[in-house]
Amino acid sequence: MPAPRFRPAEQLEPDDVCAFLFPGTGSAGVPDLPALARTGAGAARAVADVLDAVQEGLPPKGWPRLRTILMDDPGGYREAARTPGVAQLAGYAASVAVDRALRAHGVHPRFAVGQSFGEIAALVCAGAFSIADGARMGVAAVGVLARHGGGGGMGLLEAGEDRTRACIDAAGAPEVVVACLNAPQVTVVSGPDGPLDAVLDTARGQGVNAVRLAVPYLSHHPAMAGADEEWYAMIRGFPQRPLELTVHSPVRGRAYRDDDDLHRAMADCIVKPVRLPDSLRAVHAAGATVFTEAGAGNALCQCARLTLPDARTMAPLRDRPRHGLTGKAAPGVTPSGERKDPS
């Protein structure tokens with residue numbers, strides 16, 4: 001098979017400014033890193049180097065070799081991803097690999113926006129942390145979320161924040177909270193299993209498309225208070241370096257500064273809501289002209305287009321086709337294979 005023609009720099013105008021968007025754990029497809037590696041020698045080296053660095057940050061026992069399940073034998077990914085944390089760390093690796101491969105092709109970001117778990121990759125790609133330390137932080141995050149957030153989950157409603165809150169009220173489920181505003185009419189909620197299902201059922205009864213996401217724990221929920229402190233204590237020792245590009249936080253609602261405690265900022269994501277449209281508008285106002293998905297799929301590009309109707313987007317890494325693996329789409333995936341559920 002001939003190598004696919006992939007010339008992302010040719011899609012840009014001379015004065016274009018890129019914002020790289022780093023998706024969260026809800027975008028849990030199978031990243032097609034072999035296709036990315038085939039786009040050029042520089043991209044191939046970037047993918048290999050990233051996978052080696054991420055592997056360095058993973059525990060020596062109980063984890064698969066990412067190079068095996070993402071490059072050598074991708075058919076084994078689904079089974080490997082049954083191990084808690086594997087999908088999240090594979091997504092992290094894919095995000096950093098896309099960032100490095102795009103740079104090898106001459107596309108460099110001026111802005112980065114990380115959504116939820118994607119904040120780790122955004123800060124790594126901005127130079128604040130090493131790739132291996134980012135992996136170590138990701139492993140610790142998965143463990144903390146599993147310990148403290150069990151018995152709950154997240155769901156997506158194709159509705160604005162006000163209508164979503166009305167569905168929560170109608171379901172009589174105050175334990176459910178707005179966790180992420182992904183786009184003006186796309187909202188993610190978080191809560192205990194029973195109340196969460198009640199909210200989703202209520203929304204469907206009112207004609208709102210609503211799906212349960214493949215996130216088996218609470219996140220962005222005030223009940224996770226304490227989990228944030230535990231994770232902060234686990235990661236605060238990783239060295240923080242100066243930022244090499246502007247990273248806008250959808251949790252803090254502003255760009256990070258070098259005098260911010262970025263470990264604390266990431267820990268805030270466990271309990272505080274994400275407001276992605278505000279960040280997209282802010283980086284657009286600051287000069288971003290092209291929004292690029294640094295990860296599998298194009299979910300955040302969709303969010304950018306829904307938030308900024310004239311936004312130009314680029315999604316270099318689509319998910320591996322599901323036929324030949326499971327033949328089925330995961331929850332929250334459209335028949336075309338496009339994901340609607342980053343969180």
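Helix α7, formed by residues 131–149, has 19 residues, which at 1.5 Å a residue should span 27 Å; the C-alpha atoms at its ends lie 26 Å apart, in agreement with that expectation. The structure described here is a predicted model. Of the 19 residues of α7, 14 are buried, and the helix is therefore largely enclosed by the rest of the structure. Following α7 is G151, which has a positive phi, near 85°.

The protein chain as a whole contains 13 helices and eleven strands. Of its 343 residues, 58% count as buried, that is, they have under 20% relative accessible area. When contacts in the protein chain between residues at least 6 apart in sequence are considered, 73% join residues at least 24 apart.

Strand β2 comprises residues 109–114, and because five of these six residues are buried, the strand is largely enclosed by the rest of the structure. Pairing was examined on either side of the following comparison of strands. Strand β1, residues 18–22, runs parallel to β2 and is joined to it by five bridges. Within this pairing, F22 has G114 of β2 as its bridge partner. Strand β2 also pairs with strand β7, residues 246–249, in the parallel sense, over three bridges. Here the bridge partner of V113 is H248 in β7.

Methods: Residues numbered from 1 in each chain as written. Predicted model: local features only at pLDDT ≥ 70, side-chain atom pairs only at ≥ 80, totals over all residues. Heavy atoms only, no water. Helix = DSSP H or I, 4+ residues; strand = E, 2+ residues; numbered from the N terminus. Expected span 1.5 Å × (residues − 1). Buried < 20%, exposed > 50% of the residue type's maximum accessible area, 1.4 Å probe, protein only. Contact = heavy atoms within 4.5 Å. Pairing = 2+ DSSP bridges.
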